Amino acid sequence: MKDGFIKASAASPKIKTADCTYNAGVITSVIKELAEKQVKIAVFPELCITGYTCSDLFLQQTLLLGAESAIERIIDETSEQEILCAVGAPVCVENKLYNCAVVFFKGCILGIIPKSFIPNYSEFYELRHFSPAPSQTKSISFAGMTAPFGTDILFRCSTVPSLCIGAEICEDLWVPQSPSVRHCEAGATVMLNLSASDEIIGKAEYRRRLTAMQSAKLICGYIYSDASAGESSTDLVFAGHKLICENGTVLAQSPLFDTSYIISEIDTQRMLSERRRMNTFASSADRGSAGYTFVDFSLTPAVTDLTRHISPNPFVPASDADRDSRCDAIISMQAAGLAQRLRHTGARHVAIGISGGLDSTLALLITVKAFDLLGLERSGITAVTMPCFGTTKRTKNNAEQLCSQLRVRLRCIDIAPAVMQHFKDISHDPAVTNVVYENSQARERTQILMDIANAEGGFVIGTGDLSELALGWATYNGDHMSGYAVNASIPKTLVRHIVSYYAHSCSNPELTAVLEDILNTPVSPELLPPRGNEISQQTEDIVGPYELHDFFLYYFVRFGFTPDKIRRLANYAWSNTYPADTIDKWLNVFIKRFFSQQFKRSCLPDGPKVGSVTLSPRGDWRMPSDASAVIWLDSLGAAEGR
């Protein structure tokens, strides 16, 4: 809870229709079991204290008194458990009967939420028994307590500021103007839905999509609990479908006809981060909390054990089908962006540096696709390989083979003599393999590419990727600069998968073989002399594993999480791969480099945005080039150089 994670559950135990005493016992047992598992929010089905299918028995005073007594018993017997619960029950107010969610915590009813939209179509006949929610909130007596009764009630946690809870009931979700819309505009970050949605063919998938999309639309957590076994089977079947969703993602889902519960953790801080980022949400929320009753409760601050899936590679879909689909879409977007730039400028020629590495390979593949889209001859693509002090036979050969298979023009220009002349001009000893030694090569390559592009009336295709931009792993005014940077929003972990997808989806075995060898080549700028024929300079040995840096980048930029929370998520996601001290080391490197290298991102060339994280100074990321990283490093206990 200290970092916004709230352990939540949707439960649908097997009940007995109209047996309130039995149902109270079952619900009480489940609440105690969930509390032992650190659950802080538990949602039970609609009218589960009686059963949804009691029909005209709802008009019987005996059933209503039994339901009230059962609720009182549950609250009393769970008063020691620190868990906010929502249980469905019929509640009579001023001689009208309402279908309600009774929300209670540590022996007290916090509020009673009546159902707003009462279905009376197809198999539903609720208007025969229940009235729609009244427009005004009032205080009522129920189960021996006085509590607020109405739809516009939110439950606010004083010890977890990011947790604010609203509730709606079944049909309320299915209508165009759900109460949850108002609740989230008023500040709710977690919505509860007590439901009795009978099962028919195709409904489970629709229900799943609807719940997930509501959580996405409202940028909230959404806990949905459906009626289960024990309901009358006279005309309907209930399958106990349970869902926990967060901002469009299904965190947990039960199988149909399940009488147990599901548990996951909702990240309430993430919801607030998204809402701050989306100024349109803030605009709609300006309608605000007028007319709402806020009921405060307090959870004991603690670290919540995580069970939800945290992907170690947040930029890369887990399933093969989703990954292939994303790679195909990204290739199309990159190519479309470049094609538009070619169309606008009227250029029929481009120059691109080919190193035999992953980034330049992807950039060349995209360039070829863009030329094909426009019906331009591939001979207009001039690929230039520029061997120097660190170039190995393997990368040079792969660059040549790649260009041959793609049928583009290839020029090989040995830049060693030019760089040596430059060393002489600036009085640099070539035996000193420092930053001057390395960057002189990068800038010489860029100068050649720019001049070749000028000679042919074209422009230079940039090859650098998003991960390199985040770390500043680019030579300023060297490989940092181009006419159009097609990879600028592609993280390194995804670059590899896109090239792999291309390798296995193309119909050219020779091209596939070259691409596979490029995929198996260590990532390196090849600026230092090789050891024999082997690459001596491996990027990840210097700046750290890109898979970790991409993880840090995603949560730092996309959600604005604190370094401490990012560290916790990384330790959870990468627990089987990296020890905690390794993660600490590279997270510190990430923060230091991210801040110190902003000046390179402040003057980036154009490039297409293809994902939710990008560092373009004209789009999603604006940051002062001289911002201090001290407070971020302080949160990890690692500030230096005050």
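Start by selecting Val237, Leu256 and Phe257: in this predicted model they make a nonpolar surface patch with about 270 Å² of accessible area together. Zoom in on leucine 256, which sits in the loop between strand 13 (249-253) and strand 14 (261-267). Its relative accessibility is 36%, so leucine 256 counts as partly exposed.

Now zoom out. The protein has 21 helices and 20 strands, and its C-alpha trace spans about 100 × 55 × 40 Å along the principal axes. Of the 642 residues, 57% are buried.

Next, some salt bridges; the count comes to 33. Pick glutamate 246 and arginine 270, whose closest N and O atoms are 3.6 Å apart. Glutamate 246 belongs to strand 12 (residues 242-246) and arginine 270 to helix 6 (residues 268-277), so this pair ties together parts 24 residues apart in sequence. Both glutamate 246 and arginine 270 are buried.

Arginine 558 is in helix 17 (residues 546-558), so here the linked parts are 284 residues apart in sequence. Arginine 558 and glutamate 274 are buried.

Hop over to aspartate 584 and arginine 567, another salt bridge (3.3 Å, N to O). At 25% relative accessibility aspartate 584 counts as partly exposed, while arginine 567, at 18%, counts as buried. For a network of salt bridges, select Asp359, Asp465, Glu468 and Lys492.

Last stop: helix 9 (residues 358-374) and helix 10 (residues 393-406). Their axes come within 11 Å and cross at roughly 10 degrees, so helix 9 and helix 10 are roughly parallel. The crossing of helix 9 and helix 10 is right-handed.

Conventions: Residues numbered from 1 in each chain as written. Predicted model: local features only at pLDDT ≥ 70, side-chain atom pairs only at ≥ 80, totals over all residues. Heavy atoms only, no water. Patch = residues over 30% accessible without salt bridge, like charges linked within 9 Å, V, L, I, M, F, W, Y side chains within 5 Å. Areas by Shrake-Rupley, 256 points an atom, 1.4 Å probe, with all protein chains shown as cover. Salt bridge = Lys/Arg side-chain N within 4 Å of Asp/Glu carboxyl O. Helix = DSSP H or I, 4+ residues; strand = E, 2+ residues; numbered from the N terminus. Buried < 20%, exposed > 50% of the residue type's maximum accessible area, 1.4 Å probe, protein only. Axes fitted to C-alpha atoms, helices over the stretch in contact; angles between N-to-C directions. Parallel < 35°, antiparallel > 145°, perpendicular 65-115°, else oblique. Left-handed = near helix turned anticlockwise from the far one by under 90°.
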